[in-house]
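Welcome, and please have your viewer ready. We will go from stop to stop, selecting a few residues each time and looking at what is there.

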Amino acid sequence: MQFDEVKKFGVIGLGKMGVDWVANLLEGGYEVVGYDSAPGAAERASKSLGKALGWIGKKRHPEEEGFAEQAAARFQIVDTEEAFTAQLGSCQVMLEVILEDLQLKCEVLSRLAPNLPDGAMIWTNTSSLSVHTMAVASGRKECFVGTHGMNPVYQMPAVEVVRHREIGDDNLELTLEILKGLGKSPFVASDVTGFWVNKHLVPFMLEAYRALERGEITVEDGDSGLQGSLGHPQGVFKLSDFIGSDTMYRVAMAMYVATQDPRLYPPAILARMFKRGELGVKTGKGFYEWDGFKPIGGRDFSEFVIESSDTLLEV
Ligand SMILES: NC(=O)c1ccc[n+]([C@@H]2O[C@H](COP(=O)([O-])OP(=O)(O)OC[C@H]3O[C@@H](n4cnc5c(N)ncnc54)[C@H](O)[C@@H]3O)[C@@H](O)[C@H]2O)c1
């Protein structure tokens, strides 16, 4: 397939990352059809998409009157998998952005991939899972590419393009070309657990959660310390709230299952937040309390602190 032949994307999964990808693809002039299986997802996705396109219009296309409306007109949400499947025959790329669960992703991919035209590519936005395993499940190994976008996709330039061992070089090149056309700065990474970014970021974040559990730091001091000294744009706890405790938990658990590295086992504080529905920005409560995208204040986790072995040994 050539660059100019790519006109339409099918996006499955319209949560945080799916919608942000849709916004970026619409900005790039593509037609997009999207589907999400959750009840009420279409309404939530339309609302978030409106916000994303509003931001893009204001920041990047201030001269173009009606930018957001014109972009949104190229997007269609369907409410059943059958309706989505029926449209795949006219898509040149399908982008998978559902939950970080290897079995679920493989099931969905193997069901949907046969409906794509010959030569169409499949992209996956997985954070950490084996891209080759998904490529095999799709039955289209050479057309299958990992495209790990960063959150929020339409603001963050990097996209980690994962090269698995049976990818077709032409598909890797075409993916890089499309992403550059969207204004992204893609880079190529290996198909190892967590690829390049999460291989470093996830253990770092889990260690920050454990420090909080041990009472070594508070949420706000932790973030301002990393911002002021290491130049992090927001600090680890705010970042975590933007990602969501559900996604962080699933990513950490998937990386633990794949590697058996105990450092990757999700700490209790994260599991507890996920279980209680304290998902971060999307539910208004995580490590911070949130008013929309504005943090109101870091929460106090001191009641959960268990004395560390160092303290217990003190005489
Ligand atoms: N949140 C982040 O910061 C981030 C960053 C990079 C990568 N990712 C990855 O992106 C993917 C999506 O993450 P997210 O944060 O957008 O999660 P999310 O929970 O916001 O969205 C996932 C969506 O998938 C939908 N879904 C689940 N099963 C489905 C099915 N069978 N058919 C259709 N829709 C289905 C859910 O209803 C949900 O709306 C994951 O693989 C995640 O690891 C997330």
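The tour below starts with the domains and then visits helices, salt bridges and some backbone details.

**Before you start**

This is a predicted model, in which local features need pLDDT of at least 70 and side-chain atom pairs count only at pLDDT 80 or more, while totals for chains, interfaces and linings use all residues. Residues are numbered from 1 along each chain as its sequence is written, and side-chain values use heavy atoms, with hydrogens and water left out.

**Stop 1: the two domains**

Colour residues 3–190 as domain 1 and residues 197–302 as domain 2; these bounds come from an automatic or database domain assignment. The C-alpha centres of domain 1 and domain 2 are 26 Å apart. Ten residues from domain 1 and eight residues from domain 2 take part in the contact, where contact means heavy atoms within 4.5 Å.

Together, domain 1 and domain 2 bury about 790 Å², with 64% of it on carbon and sulfur atoms. Buried area here is the accessible area (1.4 Å probe) that two parts lose on being put together, summed over both. How many residue pairs are in polar contact between domain 1 and domain 2? The count is three, with both residues at pLDDT 80 or more. A polar contact is a pair of N or O atoms within 3.5 Å; within protein, one must be able to donate a hydrogen and the other to accept it, and residues adjacent in sequence count only if both atoms are side-chain atoms.

Salt bridges across this interface number zero. The rule asks for a side-chain nitrogen of Lys or Arg within 4 Å of a carboxyl oxygen of Asp or Glu.

**Stop 2: helix α4**

Next, select residues 81–88, which form helix α4. Helices (H or I, at least four residues) and strands (E, at least two) are DSSP runs, numbered from the N terminus. Which residues of α4 are buried? They are Glu81, Phe84, Gln87 and Leu88. Seen down the axis of α4, these buried residues fall within an arc of 125 degrees, so they line one face of the helix. The arc is that of the directions from the helix axis to the C-beta atoms. An α-helix has 3.6 residues a turn, so residues three or four places apart point the same way.

Buried means under 20% relative accessible area, exposed over 50%, and partly exposed in between (1.4 Å probe, protein chains only). Turn to the face of α4 away from its buried side, and you will find the exposed residues Glu82 and Ala86. The buried residues of α4 pack against β1 (8–12), β2 (31–35), β3 (75–78), β4 (93–96) and α5 (102–112).

**Stop 3: salt bridges**

The whole structure has twelve salt bridges. Start with lysine 105 and glutamate 100, whose closest N and O atoms are 3.9 Å apart. Lysine 105 is buried at 1% relative accessible area, and glutamate 100 is buried at 10%.

Now show lysine 141 and glutamate 166, a salt bridge with its closest N and O atoms 3.4 Å apart. This pair links distant parts of the chain, 25 residues apart: lysine 141 is in the loop between α6 (131–138) and β6 (144–149), and glutamate 166 is in the loop between β7 (158–163) and α7 (169–181).

Move on to arginine 214 and glutamate 207, where the closest N and O atoms of the salt bridge are 3.1 Å apart. Salt bridges with shared partners join Glu207, Arg210, Arg214 and Glu216 into one network.

**Stop 4: arginine 210**

Stay with arginine 210, which sits in helix α8 (residues 197–213). Is arginine 210 buried or exposed? It counts as buried, at 17% relative accessibility. The side chain of arginine 210 reaches the backbone oxygen of arginine 263 at 3.2 Å. Beyond neighbours within four places in sequence, arginine 210 is in contact with Arg263, Tyr265 and Pro267.

**Stop 5: backbone details**

Select asparagine 151 and proline 152, joined by a cis peptide bond with omega of about -5 degrees. Proline 152 lies in the loop between β6 and β7.

Then pick phenylalanine 195, in the loop between β8 (185–190) and α8. Phenylalanine 195 is not a glycine, yet has a positive phi of about 55 degrees. It is buried, with a relative accessible area of 2%.

Finish at glutamine 260, in the loop between α11 (245–259) and α12 (268–275). Glutamine 260 has a positive phi of about 60 degrees, although it is not a glycine, and counts as exposed at 51% relative accessibility.
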